[in-house]
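Today I am opening my notebook on charged side chains. Come along and look at the structure with me.

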Amino acid sequence: MALRMRQSLAQLEQEFVHETQLDRTRRENLRRHAVNRARRRRRQRVRKAGTMRFWMLVTSLIATAMVVTAAMFETLYRLLG
């Protein structure tokens, strides 16, 4: 009986060690996935903000060119007219 109890205790201990290792591996995988997901989201936010800034710059340049052109022609019209 004592031998059986020692075997079952040793077996339980082995299973506990095995489960602990599996749990550590799972936690490490989850942490790694969370870090990768956060990096991916950050890249997407940066890209989206960069695209929006680019288009705002393009729009403001076009608007500035139109205003300057209109003012130039208005000035020429008044000077020559």
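I began with a term: helices (H or I, at least four residues) and strands (E, at least two) are DSSP runs, numbered from the N terminus. I noted that this is a predicted model, where local features need pLDDT of at least 70 and side-chain atom pairs count only at pLDDT 80 or more, while totals for chains, interfaces and linings use all residues. Residues are numbered from 1 along each chain as its sequence is written, and side-chain values use heavy atoms, with hydrogens and water left out.

**Entry 1: salt bridges**

I looked up salt bridges, each being a side-chain nitrogen of Lys or Arg within 4 Å of a carboxyl oxygen of Asp or Glu. How many does a search of the whole structure find? The search finds four.

**Entry 2: around Asp-23**

I found Asp-23 paired with Arg-26 in a salt bridge, at 3.8 Å from N to O. Asp-23 and Arg-26 sit three residues apart in helix α1, so about one helical turn separates them. Asp-23 also forms a salt bridge with Arg-27, whose closest N and O atoms are 3.6 Å apart. Here the two residues are four apart in helix α1, which again means about one helical turn between them. I wrote down that Asp-23, Arg-26 and Arg-27 are linked in a network of salt bridges.

Next I checked accessibility (buried is under 20% relative accessible area, exposed over 50%, partly exposed in between; 1.4 Å probe, protein chains only). Asp-23 is partly exposed at 35%, Arg-26 is partly exposed at 45%, and Arg-27 is partly exposed at 49%.

**Entry 3: Glu-74 and Arg-78**

I then turned to Glu-74, whose side chain meets that of Arg-78 in a salt bridge of 3.0 Å, N to O. They are four residues apart in helix α1, so about one helical turn lies between them.

**Entry 4: a positive patch**

Which residues form a positive surface patch? I listed Arg-37, Arg-39, Arg-40, Arg-41, Arg-42, Arg-43, Arg-45 and Arg-47. Patch residues have over 30% relative accessible area and no salt bridge, with like charges joined within 9 Å and nonpolar side chains (Val, Leu, Ile, Met, Phe, Trp, Tyr) within 5 Å. I picked out Arg-42, which lies in helix α1 (residues 2-80). Arg-42 is exposed, because its relative accessible area is 52%.

Conventions:
Accessible areas come from the Shrake-Rupley method with a 1.4 Å probe; for residues, only the protein chains shown count as cover. Lys and Arg count as positive and Asp and Glu as negative; His and the chain ends are not counted. The place of a charge is taken as NZ of Lys, CZ of Arg, CG of Asp or CD of Glu.
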